[in-house]
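Here is a short briefing to read beside the sequence and the 3D view. Please keep both open while going through the points.

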Amino acid sequence: MVSRFDDMFDNSGEIRQYNLRISKKVMFGVICIALALVALGLEICLGKAGIGFIESYTIIWDHITGNIPTDPAGIQKDEIVWNLRIPRALGAFFIGMTLAVCGAAMQSIMKNPLADPYTTGISSGAGFGAILAIALGFCLVPGISGYNATVINAFAFSLLPTLAIVLISRYKRATSTTMILTGLGVMYTFSAMTSLLMLVADPEDHKTAYVWNIGTVGAITWDNIIYITAAAVVAVIFMQIMAKKINILAMSDADAAALGLDAGKVRVHILIVTALTVAMAVSFTGSIGFVGLLAPHVARIFVGSDNRYLIPASAAFGGMLLLYSDCLAKSVGVTGVPVGVVTAAVGGPLFLYVLFRHRKKIWSRGNAH
Amino acid sequence: MRIKIDDMEFGYSSVPVLNDIVLDLDGPQFVSIIGPNGVGKSTLIHCMNKVLKPTGGTVMINGADIGGMPLKEVAKIVGYVPYTSTDSFPLSVVDTVLMGRSPHNGWRPDDRDLNIVYNILKMLSIDDLAMRPFNELSAGQHQKVMLARGLAQDPQILLLDEPTSNLDIRHQLEVTGILKELSRAHDLLVVMISHDINIAAKFSDKMVLMKEGTIFSVGTPAEVVTESNIRDVYGVECEVIDSDGSPHVILKMPVGWEKGILPGGRAKE
């Protein structure tokens, strides 16, 4: 449709300049991906197998090109790299990606810089599902036990809070406040039940449940990486397509309606995709904290708050962040620690730094008039 | 372009806000809605672009009942400039205005949208602000950016909720003057809520005076802004004089002020 404002001035210079700024934003993502490739080598060489940093890339290259060594040591190294380290590295990268992208979307649609993928209670639901399996041996799907039971329960229960919000939004307007408060209510309920089960669990189960709640990527294998990858791909593509609408949702709901957007409906759609993809990712690893909160804020400093660029930038940075966190987690102590400890330990102070250093760029409030 | 409202009413869960609204605005012109606080002025314009759904009656835009139109279709015809806009995560001015293109473009804006945005920024002489963060602007600049966003919707009808509140007198005159010129130069039906009766009367082609959820008077500024109307609606005594062909209100005192406003009467000297 022709606009009355189509032909007035020559704006080619301004448009070129605008597009140039976009390419600078794209550079941030490219740098993150490049750094993630470095982290891949680190992730592989860290550990007891004695594989060198450069050697790790050689082993990957040899495997891809079909030049798998024939000597026993070579075969062993190839197996360690290909069956243990690579799935773990990919898993960490994709989970970081999912958490960061959903975190960025949640912050905008909730109009709240404290929002993260777990704001609506996903992690508390997953935690309760996991302890049901770990402490009581109960699984929603009969006949399944052990790790798989934990995964299935965690996935199912982590969807319950979002289900509650979606149901409530049918009767009450789905404002961001309604959603945050519902999430809080559900979170306390699940936490109480989880605490109760933790009290009665025997010490060994107690430790397993505890590690699960912190979050660890140690259990990622080729068997489950397909789900984790699928979650990341769906999250990134969906949020990127919705980016323009997410920008509008960061304003008032009346504003959104005036621009032709039903804010309540779009918010619920984004919430559902967040719940499904985050639940899918963390049910294999436990609720890894801080990545979904921190990554979008760091990305914001470099690319600004326009979700069209913030979403992909958060994805790249979040993936990279969790990968480096896991490298660090592996090298702490003799046996390493769950990655959730590192993301919290590094993420907390980093978050404070970001907050004080760049407060203005990240968040503003009450600037109306 | 035409807004035709018939027997419309609106209420928030049984509390009536608007009653018996009948209004017909036809063709490009500059219309202002005036009236005391809480009479439903904002509610009325929110019913014109489906931000709120009337509880009775119809709102027709260009002959079509907006009750049956998708929000996005309404947004292509009716632009909106809000009273306040909280931008939690501030964007640049260009990106803020670019959001106005939203009803027209697909999943992301392209160079043509960008071209339209820059044209509007230049037309309003705010292209120097293009890359500034939205939250760092002054009230006057802020208001012009929101006006630019409303224009970026490329509407036939532009609704504005108190676009001149919080502006100094120079900016009030400037923004209102721009709106009047836009209605002429770009065939726009501009509907603005205003609290400044004199500035509204100076520029408006038509004025709508509201009282307690109903339309009290509609007509030219001279027909609407009269001493008796101001007394009946606002409860204020005034003198209306002619200023270059427009009515101009000189305020006196609230009706009944002689007895004092605090209960118990005026304090003794």
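How many helices and how many strands make up the secondary structure of chain A? The count is 14 helices and 0 strands. Keep in mind that this is a predicted model.

**Fold of chain A**
- Read from the N terminus, the elements of chain A run α-α-α-α-α-α-α-α-α-α-α-α-α-α.
- The C-alpha trace of chain A spans about 75 × 50 × 40 Å along its principal axes.

**Packing in chain A**
- Of the 369 residues in chain A, 51% count as buried.
- Take the contacts in chain A between residues at least 6 apart in sequence: 76% of them join residues at least 24 apart.

**Helix 5 of chain A**
- Helix 5 of chain A covers residues 147–171, which is 25 residues.
- At 1.5 Å a residue, helix 5 should span 36 Å; its end C-alpha atoms lie 38 Å apart, so the two agree.
- Helix 5 of chain A also has a kink of about 30°, centred on A:Pro161.

**Contact between chains A and B**
- Chain A gives 37 residues to the contact, and chain B gives 43 residues.
- On the side of chain A that touches chain B, the elements giving two or more residues are helix 1 (12–45), helix 8 (222–249) and helix 9 (253–258).
- The residues on that side of chain A divide into 17 nonpolar, 10 polar and 10 charged.

Notes
Residues numbered from 1 in each chain as written. Chains lettered and ligands numbered in written order. Predicted model: local features only at pLDDT ≥ 70, side-chain atom pairs only at ≥ 80, totals over all residues. Contact = placed C-beta atoms within 7 Å. Helix = DSSP H or I, 4+ residues; strand = E, 2+ residues; numbered from the N terminus. Nonpolar A, V, L, I, M, F, W, Y, C, P; charged D, E, K, R; others polar. Expected span 1.5 Å × (residues − 1). Bend = angle between axes of the 7 residues up to and from the residue. Buried ≥ 20, exposed ≤ 12 C-beta atoms within 10 Å, placed from the backbone.
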